[in-house]
Every structure is written in structure tokens, then in C-alpha cells.
Amino acid sequence: MKVHLKTIYVASIALLALGCSQNYEETESQNEAEISEDLTVLKVSASQFYTPPNSAVRNNKKNLVTDFGVNNSDTNDDSDKLNNAIRDLATNGGVLTIPRGTYYFNKIRMRSNVHLEIEKGTVIYPTRGLVAAQNHRIFDFASKTENKIENASISGKGGKFIVDLRGNSSNNLIVADVGNVNNFKIANMTIKDEKTVFASILISFTDKTGNAWPHNGIIENINQLDAHTGYGLIQAYAADNILFKNLACTGGVTLRLETDNLAMKTANKGGLNAIFASKIKNTNGLTPLMFSPHFMENGKVTVDDVTAIGCAYAVRVEHGFIEIFDKENRASGDDFKNYIEGILGAGSVEIVYRRNNGRTWAARIANDFNERAYNHANPAVNGIKPGKFDTSNVSNVKVIYRNTGAKLKQAFLPYLPCSERSKVCKPGPSGFEYSGPSMGVSIDNTKRDLSLGNYNVNVSTTNVQGFPNNYILNVKHNTAEICSGNFSTIPSCD
């Protein structure tokens, strides 16, 4: 996932400014010595995360077209044939080659000891005619199945294959949902998106017996184009010992470490532990890297080489918080807010929003009120512990300013100088983000004092270019707003 030698970065800074596709052409030509040195920076090796298949599995090779009769030049749904092929190989373990061509897949169930090798240039589409209101997973690593799977992978062979999500009847598309799996790898892929409403790769919690979430895996050499600001490439809920390497995204968030799965809250287990990342990049998005623990206590995250080109920030860090649900199902969010603030005091509710697919009001308690709520005598608010990460490190951060195209949340705008407000526009009824100039290196809403909901993410930079002198490059929880004002006057981008 990230990291280039500093000398290589400096020599290629002009190329970086060209965007994701140029960067990934360079990445594919990296030799093994460079890759090894990348991981040395993190003090890890690839073998720590993933064990490749043994020779018996490698030598059992099948071909989806010649052995299983798939036509790779039509628009038919070949999901059943691929699932049958995977089931057949799972008996003894093996490698299934998907030769270059065009395929339509949905609900592909990965199984133990099966490894898909998809030839460079192959294009995979979601099956046509999917139900718009339903969620659809192209590849499923035991996210919705009972049995744990082990030793499974999907990799581009000879370079990247393509998953094209554009133009489908459903916008609720997931490329890979990684659930109850141990020892896995996903690599060498380009995702062509059009702001679908999930992260393309979910690192999921499954509420099964034991620790039923991803353990020991590598996700690397993947880029995504035109991601939705609220989502992006990776959303990680629960995982142990995972390496994310050489990932890039245009729009959205490249690596979102946001542990807000409600099933984890009920089960009191899950979260992220022993997470490593290298070479994480975003262009014209919200941020390459985001920490947001919600209600989960997470372990340490170690990241090296983050690049933000025309993004709001390179690193975003949110405090953990107490989330309280409205058990009485009040008519309005304001009613619920007033009820909670009647217990904890004015200003104790940071925001009220809908949860459980819009069925329940939820109130997020403001950071300054976490301790009061946790220790309060009233059972309506007490005893709920806000989440955190163990002290984590993000090094070698590189940020390039652009005066337009970054995706901005309204909460960021008060930290933009008023003289720059004319560069901001809003996308209209189809979107919720603003578009405008890059704003800085980091925005960190934690107090960094290890109180409830607060933790330390240490960020160090190696290259920051082009920002006007009056910008606040590192926004902290107590940074004073410099341009409050009326956001309703911001013009539409459309």
C-alpha cells in the first residue's frame, strides 16, 4: 500500500500531479527490490500477512473458458458457471485462470484454497438488470455465509484487470466483501466507478461464532476512479493483521478506517488490530486516509507514504463518541436532541441523524461531554464507552495543493480563509459535499489527551507544496474558526 523511496518521489513529482493512472503505470513496473524496501520501512514482510498456495494447489490449474464453457465475449450472466468452477476446485484446491475477455458476474462465493487469476485487461461487469433497491456483491469472501474460508485470493495476472461499475441498474454495488476469511489476497485491479454508494472493498465483521472477521491478508495494487465522497475504495470495519499497499483513488476516501458496524457494538467484539499500510494516494477527493473509531476500541495502525493531490486533507482523524439511540422513536430529531441535552446539558449533542436504515434517531455526543455521559447516573446515557485507536503513526506524508476539485465537508469550511471562499461551490441536490481548494495536511478532532474517545495519531510530512501562506495546514480540535459565515450563499457547481 504505500511508500516510494524519497528520491524516486522527488524525481517524479511532476508525474504525480498527472493523477492516478500515471502513478499506477509506474507502480506496476516497480521491481521486487523496491517493494521489499517499501515494507522494510514498515518493519514487516509480506509473509507476515499472507502465505501463497503450496505447489499442489498451484499445479492444479483450470481455465474458466476452456474447462467450464464460459463465453467471454457476450453479455450473459456467467455467475453460476464461475461458482461451479470455484466449487469444483475447492475439493482439492487449485488455481482458476480467467482469460482475457468480458464477463458479467454477481454473488461469486469464494471458497477455501481457491485462487482466481484474472488476466490483464479483462473487464468484469456486475450482472445486468440487478434490482436497484438491493445490495449486490460481485465477490464474497464469506461475508454472508456460515463457514470460515481459508487461503483464497483474487489477483490480476500479468497486470491489472478491470471492474466496471458504470451504467448498472443498481447503484448499490460492492466489488468484494471480505468477511469470515483467514489468509487472503486481493491484488492488481482497476475499478471504474460512478459514485456508487458503498466502498468498493468492504473489510467486514460477521456476527458468527468466534472471531469471524478477516485475519491475515494483503490488499494491494488497486486504483479506483470517480468514487463517491461518502465512500471510496476501502472501508475497514474489523480486521486483524492486514497489509494495505499501493492503493489509489480519485474522489472519496482511499483507506477509510471507520469502525461503525452496529453488529460489532452488539457483539462487543471486532474492530481493527495490527493494521499496516504503504503507498496510499488520493486525487481530488476527501482524503487518502481516515481514522474514525465511533464506539470501537481499536489497536495500532502504522502507515507510511501517503499522497494527497487536490484533496481536502491528507489525513483525517475523528474522535470516538458515544452514540445514543432513541428507544421511544420520537417524531423529530430535534425532540430527541432536546431530551438528551436535558440530561447532559446544552451543546452535548454534536449531531442527530437516522440509523438502522432510517428507522431510528441517533444522537452523537460531543467530545467534551464524553466523560459526563459515560459516568452519568441516568441509564439513558451512561455506561457507553466511546471508541479509540491505540497510538498510531503516519509517516512520509506528501501534499500537493490544487485551487479547485477537492471534496470538502461543510464542517471543514470555517477553517478556510474567507478570501478563498469564492473558490468553493456545492454540487446541487445530487450531492452533499462541497468542491473547492485543498485545505491542508491534517484535520484532527481528538484532544490527544487519552481521555475517553481521544487518542494520538502522529503525522509527519516530507513534502508540502503550493499552499497559500494564510492556510491552516494542520487543524486541531481547538483550532479557532477563521471564516464562519453563511454557507447558503455558496453557489452551485452545476
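Over which residues does pLDDT stay under 50? Select residues 1–36: that is the stretch, and the model has 78 contacts beyond four places in sequence for it. Keep in mind that you're looking at a predicted model.

Next stop: T446. Select this residue and you'll land in the loop between β29 (442–444) and β30 (457–465). Is T446 buried or exposed? With a relative accessible area of 1%, T446 is buried, because anything under 20% counts as buried.

Now show the side chains here. T446 and D444 are joined by a side-chain polar contact of 2.7 Å. Want to see who else is around? Setting aside neighbours within four places in sequence, T446 is in contact with V317, E318, H319, N367, N454, Y455 and H477.

Let's move on to a couple of backbone angles. Pick D226, in the loop between β13 (215–225) and β14 (232–236). D226 isn't a glycine, yet its phi is positive, at about 60°. Its relative accessible area is 31%, so D226 is partly exposed.

Last stop: N396. This one belongs to strand β26 (residues 392–400). N396 has a positive phi as well, near 60°, and is a residue other than glycine. Check its surface too: N396 is buried, with a relative accessible area of 12%.

Methods. Residues are numbered from 1 along each chain as its sequence is written. This is a predicted model: local features need pLDDT of at least 70, side-chain atom pairs count only at pLDDT 80 or more; totals for chains, interfaces and linings use all residues. Side-chain values use heavy atoms; hydrogens and water are left out. Helices (H or I, at least four residues) and strands (E, at least two) are DSSP runs, numbered from the N terminus. Buried means under 20% relative accessible area, exposed over 50%, partly exposed in between (1.4 Å probe, protein chains only). A polar contact is a pair of N or O atoms within 3.5 Å; within protein, one must be able to donate a hydrogen and the other to accept it, and residues adjacent in sequence count only if both atoms are side-chain atoms. Contact means heavy atoms within 4.5 Å. pLDDT is the predictor's confidence in each residue, from 0 to 100.
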